[in-house]
Structure formats: structure tokens, C-alpha cells
Amino acid sequence: SNICTSQVLLANMAGMYAVYHGPHGLRTIAGRIHRLAAILAEGVRRAGMTLISECFFDTLRVNLGSHALPTYRAALEAGYNLRQVSPGVIGIAVNEKTTPTDITRLIKLITGINADPYRLDEQVRQSGEDDLPAALLRRDAILTHPVFNSHHTEHAMLRYLKMLQERDLALDRSMISLGSCTMKLNAASEMMPVTWREFTDIHPFVPLDQAEGYLQMIGELENWLQAITGFDAICMQPNSGAQGEYAGLVTIARYHASRGESRRKVCLIPRSAHGTNPATAQMCGMRVVVVDCDESGNIDVDDLAAKAAEYADELACLMLTYPSTHGVFEESVKAVCERVHAHGGEVYMDGANLNAQVGLTSPALIGADVSHMNLHKTFCIPHGGGGPGMGPIGVKAHLAPFLPNHRVQPVSGPHAGQGAVSAAPWGSPAILPIAWMYIAMMGGSGLKRASEVAILNANYLASRLRDDYPVLYAGRHGRVAHECILDVRPLKAATGVSEIDIAKRLMDYGFHAPTVSFPVAGTMMVEPTESESKAELDRFIDAMRAIRAEIRLIEQGHWPADDNPLRRAPHTQADLVETDWQRPYSRQQAVFPLPCVARNKFWPSVNRVDDVYGDRHLFCACTPLDEADGQIEV
Ligand SMILES: *Cc1c(COP(=O)(O)O)cnc(C)c1O
């Protein structure tokens with residue numbers, strides 16, 4: 001899920017940029033950028049024009065008075081986007097792709113003078129005009145960690161990245177059955193346009209007539225998402241599901257306020273909800289009231305009715321996930337929505353499970369007023385390694401005037417909207433080609449078929465695994481939706497083997513673990529998606545069953561509870577070559593538990609780490625890793 005990580009991939013890219021260039025490379029790049037800016041500044045100054053600030057790094061603001069607009073237009077004509085900072089003032093930013101020729105052209109455009117950048121450079125150096133203010137200069141060493149000082153050639157960088165890649169168990173090796181996360185195929189044909197320079201080399205705030213292709217793509221995608229969800233309007237601004245929730249609840253709050261009902265601040269949330277739901281409600285200043293679930297995991301309709309009535313006067317909304325995070329199509333869902341509406345509340349649908357709805361039903365049909373769509377789940381944008389995500393929201397017409405808008409790009413939202421929820425008017429549009437391609441290639445019938453197969457795959461897994469691992473919740477006919485919860489608690493009570501042990505052991509079998517202990521502690525939630533073939537599902541089932549057989553050996557006393565392949569999983573190559581193998585199971589059992597595992601072995605690079613420790617303790621890996629006293633394994 002992207003909740004904590006929607007920008008981690010981007011952060012990693014920035015980090016890798018620092019790894020590749022190192023402190024010296026970065027300083028050189030920065031120095032060159034500043035030097036070009038200083039040359040430009042000198043050219044402007046020598047023409048008698050004034051800079052708004054003499055203190056700059058890469059961006060100049062020049063006072064051009066009545067000259068500003070003609071200069072802006074002439075630059076546009078010549079292929080340069082300058083910034084109209086305020087009437088009469090132009091902003092120019094230099095970056096590492098700027099060349100001396102660009103500087104010559106810009107000086108000519110601004111001053112009308114044909115300048116020689118190399119002579120200007122000399123003059124700047126002699127006058128000392130390019131000196132950055134001493135008080136602002138950082139003098140301590142930066143990026144001293146060896147990782148920033150080792151990989152400065154393309155070969156070295158490639159090998160470093162490859163080494164890291166091989167430690168990850170990703171979709172290029174096996175299915176990732178993380179429930180609720182919808183780790184489906186990110187097809188090459190969907191991904192390809194993301195690298196086209198027409199999509200990549202464009203600033204989020206360019207004049208709109210330079211972004212016609214983007215606008216057409218965004219518009220078409222909005223239309224398709226309207227058709228899929230049944231909503232009247234779409235807002236593309238949120239960058240993740242959680243941010244969509246935020247945008248949606250703020251929209252609801254603004255709607256209530258517009259009707260003089262700002263007292264409506266109670267948000268009903270079923271006990272089964274994703275953690276982002278209460279977190280979002282809290283952030284929006286709403287009061288969370290939890291609604292109970294019955295023993296089959298469904299919303300307790302009586303409790304809901306009672307609470308909706310009790311808080312009728314203050315009821316802002318219900319946050320509802322469908323199919324529920326328990327992996328079931330709740331039959332009461334429409335009645336639940338009606339009940340909330342009857343008391344003046346709105347229905348927010350957490351749309352993370354849209355992959356089970358597309359083409360079969362829709363949030364609007366069910367009764368939702370607003371819902372987010374995780375384009376990085378249902379609509380194929382890769383995620384989990386850190387996004388970036390897109391969590392647009394759809395709304396019914398009465399909420400449309402209160403959607404987010406953006407000061408810099410007014411056409412991106414309604415005139416009287418609620419303000420921006422993201423820095424950029426359309427969120428992260430650079431990844432929208434992926435969702436566009438998916439929908440365009442699938443077409444209506446293909447999308448519906450995908451939902452059907454996703455549900456079929458989950459039910460196939462559930463029926464073939466339920467003898468070994470009871471399926472916790474199912475609908476009236478014993479069926480699940482597009483994911484299912486496997487209950488490990490009885491096994492734990494009988495043998496001490498926990499869901500974590502199974503998750504770690506799956507690595508030895510070459511599988512990424514399903515979602516663990518969400519939404520119910522002590523369980524695993526499996527979502528195969530429509531992208532996996534029967535062969536891959538069978539491989540996973542074989543692994544899960546083989547693990548169940550191992551647990552049986554613990555049950556029967558063959559292996560001690562604290563020394564068995566599950567408790568000691570995952571196993572590394574270092575374990576395999578241990579000279580003094582004292583374990584009650586063989587090396588083969590440890591690393592090649594099934595014949596098919598040996599054919600494409602994934603080698604975990606470290607033994608078990610204490611998950612919770614890492615979550616709760618902040619520790620610094622700044623010391624060179626080989627001096628870290630063996631605590632951090634590289
Ligand atoms: C993934 C998910 C979210 C949050 O979406 P992000 O894009 O990760 O912020 C919310 N609710 C449910 C049920 C989810 O599965």
C-alpha cells in the first residue's frame with residue numbers, strides 16, 4: 001500500500017542521483033548552474049537593468065517594467081518559458097540542462113545585446129559578483145557515507161542497482177498476493193509512454209496551450225472513470241488513496257458548510273476499515289464514531305442505524321469500503337448508504353477495492369456520494385515500491401462545486417472549490433498514461449472480465465486453501481470477493497506458529513508474503529488479482545500447503561516449536577554452507593523445500609529481522625556499514 005510511501009520511488013531516484021554523482025559531482029553541477037546564472041545576471045546588469053535580488057543561486061528576477069510582457073512573448077516564441085512573477089517582473093531559472101548558448105539567447109531576448117558569455121564569465125570572476133553570501137555557505141562535509149563515494153561510473157552504478165534489485169522479491173519473480181494492495185500486472189505497453197519526452201519533459205505550470213496532449217489524455221481518462229464509477233465529476237489532484245480520502249472529506253465538509261450545517265462533524269467508520277480512514281477523518285477535524293461488525297464480519301446494520309440516529313444532528317458522513325476489507329460483498333451495503341442519507345450524512349466510499357467492482361457495479365450505483373480510485377491499484381500504475389500513486393476522487397453532482405481547485409491553473413477545478421490538496425493541479429499526471437493505456441486496451445468488456453477473473457481467482461485460492469487455513473469471512477454462499485482472509489490463529493494456538501512465521505517461510509519458497517495481520521490480527525489476506533495464471537496460483541497453493549505440512553510436523557512433535565524451518569525462516573546461502581549444521585531438518589528442507597523451488601531459487605539476503613523493532617526505533621545508518629559492529633548486514 002502506498003499510504004506511507006507514495007513518493008518513495010521519487011525519493012529513491014533523487015537519492016540515486018546523489019549516489020551516482022557523489023558530493024563532488026553534485027558540487028560541480030551546482031557550481032556550473034550558479035555560474036551560468038551569474039553570467040546571465042552580469043549580462044542583464046551591464047545593460048542597465050535591475051535584478052530584484054542580488055542574492056541568488058539559480059533563479060533571477062528582473063525588473064523589466066513595460067518591457068516585461070513583450071520579452072515574455074518573444075522568449076516564448078524562441079522556445080523559452082519564462083515566469084511572469086508580477087506585473088513588470090520576469091523570473092528566469094537556470095538548471096543543469098542550460099547551455100552557454102541558451103544564456104546568450106536569453107541575454108539577447110532580454111537586453112537586445114549580443115553578449116559573449118565567456119567574456120561575461122571572466123568579468124564576473126574578476127568582480128567577484130558571483131560569490132554567494134558567505135553567511136549562507138555550508139562548509140561541513142556532505143554525503144560522507146561510502147555509498148555516495150563509490151559508484152560514479154555507469155558500470156559501477158548499474159551493478160550497485162542490480163545488486164539491490166536482486167535482494168527484492170518483486171513481481172518479476174512471483175505473484176505478490178498482498179491483500180488490499182492489488183499488485184496486478186504493470187504491462188510493458190502501459191508503461192512505455194511514461195518515458196516519452198512529450199510526457200516527461202514538461203513543467204506542471206506550463207501555459208496550457210503547451211499541454212494540449214496532457215489535457216486531452218486527462219479529459220478522456222476523466223470521462224472513462226466517470227463511466228466506470230457512475231459519478232458526475234472527477235478530480236485528478238490527489239496523489240494517493242489516502243490523499244483522495246482527505247480531498248473527499250474536505251469536499252463533504254465544505255458542502256455541509258455551504259448549507260449552514262458546519263456542525264456536522266461525526267464520521268462513522270466500521271471496525272473493519274483501513275487505518276487511513278480514521279486517520280483521514282481525524283485530519284479533517286471530524287469525530288470518529290466506530291460502527292461494530294457482526295460475527296460474520298459485516299457491518300452491524302442495527303448498530304449503524306442506532307449510531308446514525310444518535311448523531312443525526314452532527315452526522316457528516318460514513319466511510320465505507322466495498323467490497324469490505326474483510327473481502328466480502330456485503331449485501332446490506334445499499335441499505336447502509338440509505339440509512340446514512342436519511343440522517344443527512346454523506347457516504348464516502350474507500351475505493352481501494354474497485355478492482356472487484358469495475359463493470360459489475362459502481363460506487364454511485366451502490367449509493368456513495370464520493371469515492372477515491374487508487375489508479376495505482378485497480379488501474380495498473382506500479383506501486384508498493386513507493387509509488388508515485390494517483391488517487392483521484394469522483395463525486396456526485398451536488399459535491400462537484402466543492403472539489404479541490406488550484407490557484408495557478410484555474411481550469412483544473414471548480415471556480416469556488418476548496419483550494420489545492422497537492423502542489424500540482426493534476427497531481428502526478430506523468431503516470432496517467434499507464435491508467436489511460438490500461439483502460440484503452442481493455443475496453444469495457446475487458447475491464448468487466450478482469451473483475452470477474454479477479455473474483456474467480458480469489459475464490460479458487462480460497463476453496464483450495466480453506467481445508468488447511470480456514471477462510472475467516474465469506475458471503476451467504478460461502479464465496480469471497482476479490483480477496484480472502486486466511487485465519488492462522490487456531491494454528492498459532494495449537495503450535496505456536498504465527499502468521500509471521502508463515503510469511504517468512506514463504507520467502508524460502510520464493511513468494512512474497514500476503515498482507516499480514518490486516519484487517520484482522522493473526523490472519524493473512526490474500527489477493528491474487530486477475531493477472532495471475534492458474535499455474536502461478538497453483539504454485540502458491542502448493543507452497544502454502546507444503547508449509548501446512550511442515551506445521552503438522554511441529555504439531556506431531558517431529559520438530560521442536562523453537563527449532564524448525566518456519567521459526568528459523570528465511571534461510572540464506574550463508575545458512576546453507578554452515579559447517580556445523582545442527583538443526584532437526586535438512587539443508588535441502590531449508591532451502592529447496594519443493595523441487596520447483598530449486599529451478600528458480602530466490603535467495604533471501606538476510607535472516608529474520610525484527611519487523612516491529614524497525615518500526616519503533618529510529619536508528620542511524622550513517623557510520624560506514626562495516627564499522628557498525630555487525631548490527632547491520634549489507
Ligand atoms: C490502499 C488502501 C488505502 C490507501 O491508499 P493509498 O494509495 O495507499 O494511500 C485505503 N484504503 C484501503 C482499503 C486500501 O487498500
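This is a predicted model: local features need pLDDT of at least 70, side-chain atom pairs count only at pLDDT 80 or more; totals for chains, interfaces and linings use all residues.

Residues are numbered from 1 along each chain as its sequence is written, and side-chain values use heavy atoms, with hydrogens and water left out.

The ligand is surrounded by 16 residues, of which the closest are Ser-180, Gly-241, Asp-350, His-376 and Lys-377; a residue counts here if one of its heavy atoms lies within 4 Å of the ligand. By class, this shell has 3 nonpolar, 10 polar and 3 charged residues. In this scheme Ala, Val, Leu, Ile, Met, Phe, Trp, Tyr, Cys and Pro are nonpolar, Asp, Glu, Lys and Arg are charged, and the others, Gly among them, are polar. Helix α9, residues 241–258, gives the most to the shell, with 3 residues; helices (H or I, at least four residues) and strands (E, at least two) are DSSP runs numbered from the N terminus.

A polar backbone atom of Gly-241 is 2.7 Å from a ligand oxygen, and a backbone N or O atom of Ala-242 lies 2.8 Å from a ligand oxygen. From the side chain of Asn-374, a polar atom lies 3.0 Å from an oxygen of the ligand. The protein covers 100% of the 380 Å² of accessible area that the ligand has on its own, as given by the Shrake-Rupley method with a 1.4 Å probe.

The second largest pocket has a volume of about 1,600 Å³. On a 1 Å grid over the protein atoms alone, a pocket is an open set of points with protein on both sides within 12 Å along at least five of seven lines, a cavity is a set where a 1.4 Å probe fits but cannot get out, and lining residues have an atom within 4 Å of a point. Of the 31 residues lining this pocket, Asn-81, Ala-93, Asn-95, His-203 and Val-206 are the closest to its centre.

There are 4 cavities of 30 Å³ or more. The second largest cavity holds about 70 Å³ of space, and its lining includes Leu-169, Tyr-509 and Phe-602.

Finally, Ser-272 lies in the loop between β6 (266–270) and α10 (276–283). Ser-272 is buried because its relative accessible area is 8%, and buried means under 20%.

Methods: Grid points are joined across faces, edges and corners, and a volume is the space filled by probe spheres set on the points. A polar contact is a pair of N or O atoms within 3.5 Å; within protein, one must be able to donate a hydrogen and the other to accept it, and residues adjacent in sequence count only if both atoms are side-chain atoms. Buried means under 20% relative accessible area, exposed over 50%, partly exposed in between (1.4 Å probe, protein chains only).
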